[in-house]
Amino acid sequence: MNRRGFRRGRDVAVLLEDFGHRLPAVPAVEAGGRERGPFIELVSRRGPRGRGRGRAVAPAPLSVWRMTSEQTPVVWPLIASSGLPPTGAQMGIDLLSGGAFYCDPVGWVTDDDIPVTNPNVVVFGKPGRGKSATVKAFALRMLAYGYRTLILGDTKDEYELLCRALGVEPFVIGHGLPARVNPLAFGPLGHGWEQLDAAEARRREAIMFARWLVLIRGLVGSQNVPFGPVEETAVGEALRLLTGYRSGATRLTEPTIPQLWQALDEPTDDLIGRCRYADRRHFLDATRTLRDALGSLVKGSLAGLFDDHTSIEVDWRAPIQSLSLSRLEPLGDQAVGIALTCLNSWGQAMREIADPGDLRIVIRDETWRQMRLGAEAMKSLDANLRLSRRDADVQILLAHKPSDMLTAGDASSQAVAIARDLLHLCDIKVLHGQDHAVADELATMLGLTPIAQRVVTGWAIAGKGRALWLVGDRAFKVQTVLTAPELALTDTNDALTGRPA
């Protein structure tokens with residue numbers, strides 16, 4: 001009988017036993033003593049009693065907040081969050097979480113949990129706040145992960161010590177020096193042309209001529225000369241005739257900028273006919289500004305630098321390669337900007353067919369000089385940033401402050417619009433110390449909150465190597481830590497201190 005007076009029935013085990021079945025017995029467990037908890041006794045909310053025990057007369061008032069995960073970062077920005085995976089180069093200390101900070105742009109792109117869609121990095125910082133030292137340390141430490149570094153235009157020879165420490169002598173481009181770079185180089189796409197089938201030849205031809213048109217458009221645009229469909233048709237047909245592609249040659253001939261200028265200045269009947277002009281005079285009149293712009297480049301301040309076939313042999317298996325432009329500084333910003341544009345095209349040619357797993361860090365210093373050439377010159381840089389995922393390249397742009405990109409033209413111009421888009425093509429932003437006058441730029445162009453602005457203009461400006469890292473929509477307050485050998489390789493104050501390089 002149970003407590004309510006009902007007769008208790010037989011359980012399942014008894015019923016099964018009546019029919020010849022028996023359930024397995026459950027092993028008995030010896031009753032042990034109760035496990036002692038970590039706390040001997042409970043303490044009230046006011047604290048333990050006794051002198052000097054911290055007991056409060058009244059409990060502390062607690063405010064309860066209820067919100068979604070999307071609202072929390074707005075109410076409490078820059079709170080400590082889960083750190084990034086410990087992959088890539090260990091850069092220093094994340095002061096928000098107290099742990100180590102690792103930088104792995106390509107790994108971040110392939111990780112769906114990290115809001116990064118491209119491996120491009122833009123680094124801003126006032127001179128002397130450690131932005132170049134951070135970039136050098138990153139390139140040096142990523143060598144252990146199979147990355148190689150290419151510096152396309154070292155305008156101040158900042159990477160000379162790093163190259164020599166790795167056993168590589170940087171190439172120097174300047175008047176009276178033997179190094180030559182042909183921006184119209186075939187690159188790997190021109191290798192083995194005679195063995196290609198028709199489909200592959202057309203594919204490579206489209207890539208090469210598209211790259212060349214972007215380069216010529218940028219060089220002509222730097223002279224404030226429009227480059228429309230008429231000019232594009234003339235340049236494209238001239239290049240196809242110079243290479244022998246139009247005549248079906250099995251081995252193409254690599255063109256140069258002087259050859260292109262001469263082909264346009266002294267057009268053949270074939271070129272005139274393919275461009276659909278009535279006669280020679282009609283062709284010359286329509287392409288006069290184009291020919292003058294190319295002629296000024298051939299005969300101007302950069303004569304003898306980018307107007308012949310490439311004379312340097314780059315070892316792409318070396319850990320680092322650098323092309324120095326410091327000898328061009330006396331020629332002015334425009335000449336350096338044009339040289340950066342030429343190197344940009346040449347570097348892209350060398351990377352159009354890369355071996356699987358050939359990971360490269362491409363460092364672009366003083367990019368604002370190339371941006372000042374106008375919208376057409378910026379389109380080649382824009383194309384490189386968009387193709388970084390395909391080429392497995394980590395593109396790093398260095399500048400002093402965000403407004404440097406706005407010097408490309410008027411506030412409403414196409415060049416400024418492209419410059420703003422370049423920031424959106426860099427999901428990783430490293431913000432070293434800036435003056436308070438730059439705070440508005442950080443808010444307008446990068447969307448920084450007031451607290452983040454104070455980190456950049458306050459904490460970061462107070463010490464070298466301090467930076468606010470923006471990885472997608474995540475913020476990290478990082479102090480870069482350099483070893484003694486790295487300090488010697490990344491110091492840029494030799495000219496000020498008088499120490500020999």
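In this structure, 5 bridges join strand S7 (residues 360–364) to strand S8, the two running parallel, and Arg364 stands opposite Leu397 in S8. The model is a predicted one, in which local features need pLDDT of at least 70, side-chain atom pairs count only at pLDDT 80 or more, and totals for chains, interfaces and linings use all residues. Residues are numbered from 1 along each chain as its sequence is written, and side-chain values use heavy atoms, with hydrogens and water left out. Strands (E, at least two residues) and helices (H or I, at least four) are DSSP runs numbered from the N terminus, and two strands pair if DSSP finds at least two bridges between them.

| Strand paired with S8 | Sense | Bridges |
|---|---|---|
| S3 (residues 121–124) | parallel | 4 bridges |
| S7 (residues 360–364) | parallel | 5 bridges |

Strand S8 (residues 393–399) is mostly covered, with 7 of its 7 residues buried, where buried means under 20% relative accessible area (1.4 Å probe, protein chains only). In a regular strand the side chains alternate between the two faces of the sheet. On S8, Asp393, Gln395, Leu397 and Ala399 lie on one side and Val394, Ile396 and Leu398 on the other, and both faces are covered.

Helix H18 (residues 450–459) has as its buried residues Ala452, Gln453, Val455, Val456, Thr457 and Trp459. What covers these residues of H18 includes strand S9 (428–432), helix H17 (439–446), strand S10 (466–471) and strand S11 (474–480), contact meaning heavy atoms within 4.5 Å.

Methods: Buried < 20%, exposed > 50% of the residue type's maximum accessible area, 1.4 Å probe, protein only.
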